[in-house]
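Q: Hey, can you walk me through this structure? I'd like to go bit by bit.

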Amino acid sequence: MGSGDSKLHFRKAVIQLTSTTQPVEASDGVFWEQFWAEPSMSVQDIFALVPAAEIRALREESPSNLATLCYKVVEKLSWAAVRGCPSERERVAVLNCARLLTRLLPFVFEDADWRGFLWAGLPAARKQQRCPDDDDRDAEGPDGSRPLAETLLLSVADLLFCPDFTVQGRKRVGQEVAVDADGVDSCELIWEAGVGFSQSPPLNCTHDSNRTELLKLLLTCFSEVLYLPPAEHRHNPWVLFFCSAANRHALPLFTSLLNVVCAYEPSGWGLPYDHLLFSDQRRLLVEQALQVLMVALEQRRPHAASAVEDETDSGGPENQFVNFLSRIHREEDLSFILKGVSRLLNNPLLQTYLPNSAKKIAFHQELLVLFWKLCDFNKKFLFFVLKSSDVLDVLVPILFFLNEARADPSGAGLVHMGVFILLLLSGERNFGVRLNKPFTLRVPMDVPVFSGTHADLLIIFHRMMTCGHQRLQPLFDCLLTVIVNVSPYLKSLSMVSANKLLHLLEVFSWPWFLFSAPHNHQLVFFLLEVFNNLIQYQFDGNSNLVYSLIRRRSLFQQLANLQADADAIHAALLHKKKKKKNKKSAGAADSRPRPRQDESAQPDAPEDVPDLHRTRIHNISQVSQVGGDVALPSDAPQTPAECSVVGGASDTESNSERDHEDTQTESEAATRLPAAASPPSSLPPPSASAAWSATPDWVQSWKSKLPLQTIMRLLQVLVPQVEKICIDKGLTDESEILKFLQHGTLVGLLPVPHPILIRKYQVNAVTSSWFHTHTWGIVYLRNLDPPVWYDTDIRLFEIQKI
């Protein structure tokens with residue numbers, strides 16, 4: 001039968017089902033067989049032949065027919081899983097059933113009255129019902145005591161390890177023989193070598209394609225949470241059951257998904273343009289495997305925020321996927337995972353002489369989420385990443401992705417994810433130490449040319465704070481926290497990065513900016529803490545920074561002499577309003593597009609930095625925002641003067657004579673990340689924030705705590721010396737001044753060094769909610785062929801159609 005005839009017969013069956021008002025009996029096997037017995041049709045064909053409007057009409061006008069259809073499809077999958085798909089006819093039926101359920105389930109989840117249907121027990125009369133085309137009368141049907149959802153999930157799990165369908169089977173002589181699913185040891189059928197498995201099965205494109213179809217169905221089953229508003233965020237029953245001990249394939253499936261992802265080599269044969277000539281089923285499988293892993297690992301039992309939540313969580317089954325991930329400990333396994341993830345993250349950075357000759361992957365957002373979960377759930381992996389310079393192979397692509405997305409409003413979710421990873425890594429001392437490795441790569445990033453270390457790249461990347469999109473304003477605290485955390489370990493900054501830090505201080509220390517919002521001054525505290533750390537702990541190698549401090553000493557003098565009276569505050573804010581008015585007038589007069597100002601701009605650059613705490617951003621990258629407009633400013637980390645620091649200060653005199661890595665004292669302050677869910681309780685409500693205004697007492701309360709003593713003492717000692725040497729020797733070349741500073745010392749002249757303060761990421765309900773929504777936003781965007789959830793009533797976030 002031709003492809004056209006198959007589609008015609010399938011379409012007639014759909015019309016017959018949706019047009020009849022009478023229930024079709026479940027025993028009418030001839031009728032129901034029409035939905036999966038025809039030759040295999042692609043999932044795109046299924047989506048085209050079953051329109052959304054007809055599914056909704058079937059749900060509203062003939063609910064019994066939709067219920068019976070769902071039951072019969074699950075029953076078919078269950079029977080196939082029990083028998084092991086011995087014939088090509090059954091394999092075709094399984095694929096058609098999987099595609100049909102992928103189409104139907106979003107519309108079942110869409111209606112609140114239907115969500116419980118799949119979790120209800122099957123009718124007793126169907127418990128012993130036989131499969132109509134089953135010739136083996138000894139085979140048992142699906143267990144009628146199980147909810148339909150559990151039967152479906154267990155059937156999909158069995159089919160993912162079905163010999164000769166999704167895994168390599170033993171060679172059989174003679175005719176096809178049914179395989180008992182219970183007799184299959186799936187731990188011997190893991191899809192790829194890697195963690196816990198040393199044998200690499202031969203590549204089979206048909207098996208990869210079948211696995212991809214089943215994983216897409218599995219992801220669709222997990223997507224019920226898309227139809228619940230953020231306020232109703234709860235554990236996903238589909239994920240909880242599938243990742244529980246009830247699924248006997250949980251371990252081999254987790255291992256298969258992880259190994260398939262980490263072993264993937266996008267370059268293929270390595271020939272130019274070979275990816276344009278040959279289809280790559282393994283890439284499609286890797287994408288689906290990543291997304292299933294993301295969602296399955298997203299269901300971690302959170303730290304309970306209340307006794308009620310704790311009681312609720314304690315009764316749920318343990319997530320085996322999270323458990324398996326957290327227990328990986330062998331160095332060869334950790335190395336395999338890290339090399340695989342870093343190889344894939346670096347793929348978009350590959351440069352070739354022939355444009356577009358190398359295949360570039362597009363699932364970097366999923367990789368970032370997976371890397372986050374690896375570091376968050378498995379501390380052995382995090383320490384393994386940080387114990388060598390391999391962490392830099394992850395850092396560089398993250399900075400590349402963030403640099404690409406910084407000016408794009410749709411890339412806000414990607415930027416948030418990358419910044420959270422940087423904050424997590426910066427909370428560990430080894431990360432700062434590794435940043436001292438020279439940076440020699442040539443990455444296609446539009447950043448100023450420099451010669452230095454990875455620390456310089458990280459600091460220069462912070463140009464996104466002055467030339468990124470305004471939706472990134474809530475991340476300023478996090479971005480500066482990263483620099484503060486690593487600053488005590490940075491041995492030698494380049495002149496470019498030193499000037500970048502001074503430029504940020506200039507931008508954030510303008511009076512009108514300091515007086516515009518109640519938390520803007522904390523950015524200045526962060527930058528001053530960076531300078532203090534570098535001066536007190538790494539003075540010897542940072543002559544470029546010291547020279548830049550001397551050149552821009554007026555910034556610190558202005559901060560020390562900041563006027564805090566009511567007239568000065570009013571004048572600064574009035575100046576801001578005038579500049580805004582002039583800017584609008586200029587924009588009306590000249591509507592031509594202008595290039596965005598960069599960090600090399602004149603002091604008027606702060607006008608490009610809007611009020612941090614009035615910015616509204618989308619929670620989901622590229623498509624949506626959670627629950628309407630949500631302000632994203634966060635629990636800002638405490639200022640150094642306000643932090644309770646435990647530990648003594650290190651000796652100033654020995655600081656310049658011994659290796660800083662072995663002597664410094666650290667104290668850690670847990671700091672919660674900003675996240676897009678709801679304004680933290682520490683911030684005033686929007687109405688109160690709008691009515692807030694700076695007062696002299698408020699300015700004086702934080703101005704008196706500015707940590708300027710170390711910097712002012714340095715300037716007091718070195719400025720006269722530099723001026724004297726310039727006059728005496730007639731120096732006009734800054735290189736001579738830098739040589740003088742390199743051999744200088746401030747031993748015994750600076751204040752006693754302060755203890756090092758490290759701010760670490762701490763799990764909290766707000767960020768957990770953000771990660772949940774961001775994860776599903778990625779899944780939604782990456783499944784547009786076919787568009788699994790398109791044109792359905794998504795409630796987890798708002799879809800903005802352009």
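Q: Is Arg 283 buried, partly exposed or exposed, and what's its relative accessibility?
A: Arg 283 counts as partly exposed, with a relative accessibility of 27%. Keep in mind that this is a predicted model.

Q: Which residue does the side chain of Arg 283 meet in a salt bridge?
A: That would be Glu 287, with an N to O distance of 2.8 Å. Arg 283 and Glu 287 both sit in helix H12 (residues 281–298), and because they are four residues apart there, about one helical turn separates them.

Q: And Glu 287, buried or exposed?
A: Glu 287 counts as buried, at 10% relative accessibility. The cut-off for that is under 20%.

Q: What about Arg 782 and Glu 287, how do their side chains meet?
A: They meet in a salt bridge too, at 3.2 Å from N to O. Arg 782 is in helix H35 (residues 765–782) while Glu 287 is in H12, so this pair ties together parts that are 495 residues apart in sequence. As for Arg 782, it counts as partly exposed, at 24% relative accessibility.

Q: Which residues do salt bridges with shared partners join into one network?
A: Arg 56, Arg 59, Glu 60, Glu 110 and Asp 111 are joined that way.

Q: How many salt bridges turn up in the whole structure?
A: A search of the whole structure finds 26.

Q: Okay, zoom in on Asp 111. How far apart are the closest N and O atoms in its salt bridge with Arg 59?
A: They're 3.8 Å apart.

Q: Switching to Arg 99: where is it found?
A: Arg 99 is found in helix H6. At 7% relative accessibility, Arg 99 counts as buried.

Q: Which residues does Arg 99 touch, leaving out those up to four places away in sequence?
A: Arg 99 touches Ser 40, Met 41, Ser 42, Val 43, Ile 46 and Glu 213.

Q: New topic: at what angle do the axes of H16 and H17 cross?
A: Helix H16 (residues 364–377) and helix H17 (residues 379–386) cross at roughly 110 degrees, and their axes come within 5 Å. That angle makes H16 roughly perpendicular to H17.

Q: Which residues make that contact?
A: From H16 it's Phe 371, Leu 374, Cys 375, Asp 376 and Phe 377, and from H17 it's Lys 379, Phe 381, Leu 382 and Val 385. Sorted by type, the contact has seven nonpolar residues, no polar ones and two charged ones.

Q: Last one, H34. Which of its residues are buried?
A: In helix H34 (residues 734–742) the buried residues are Ile 737, Leu 738 and Leu 741. Looking down the axis of H34, they fall within an arc of 100 degrees, so they line one face of the helix.

Q: And which helices do the buried residues of H34 pack against?
A: They pack against helix H24 (495–508), helix H27 (543–551) and helix H33 (709–729).

Definitions and conventions: Residues numbered from 1 in each chain as written. Predicted model: local features only at pLDDT ≥ 70, side-chain atom pairs only at ≥ 80, totals over all residues. Heavy atoms only, no water. Axes fitted to C-alpha atoms, helices over the stretch in contact; angles between N-to-C directions. Helix = DSSP H or I, 4+ residues; strand = E, 2+ residues; numbered from the N terminus. Parallel < 35°, antiparallel > 145°, perpendicular 65-115°, else oblique. Contact = heavy atoms within 4.5 Å. Nonpolar A, V, L, I, M, F, W, Y, C, P; charged D, E, K, R; others polar. Salt bridge = Lys/Arg side-chain N within 4 Å of Asp/Glu carboxyl O. Buried < 20%, exposed > 50% of the residue type's maximum accessible area, 1.4 Å probe, protein only. Arc of directions from axis to C-beta.
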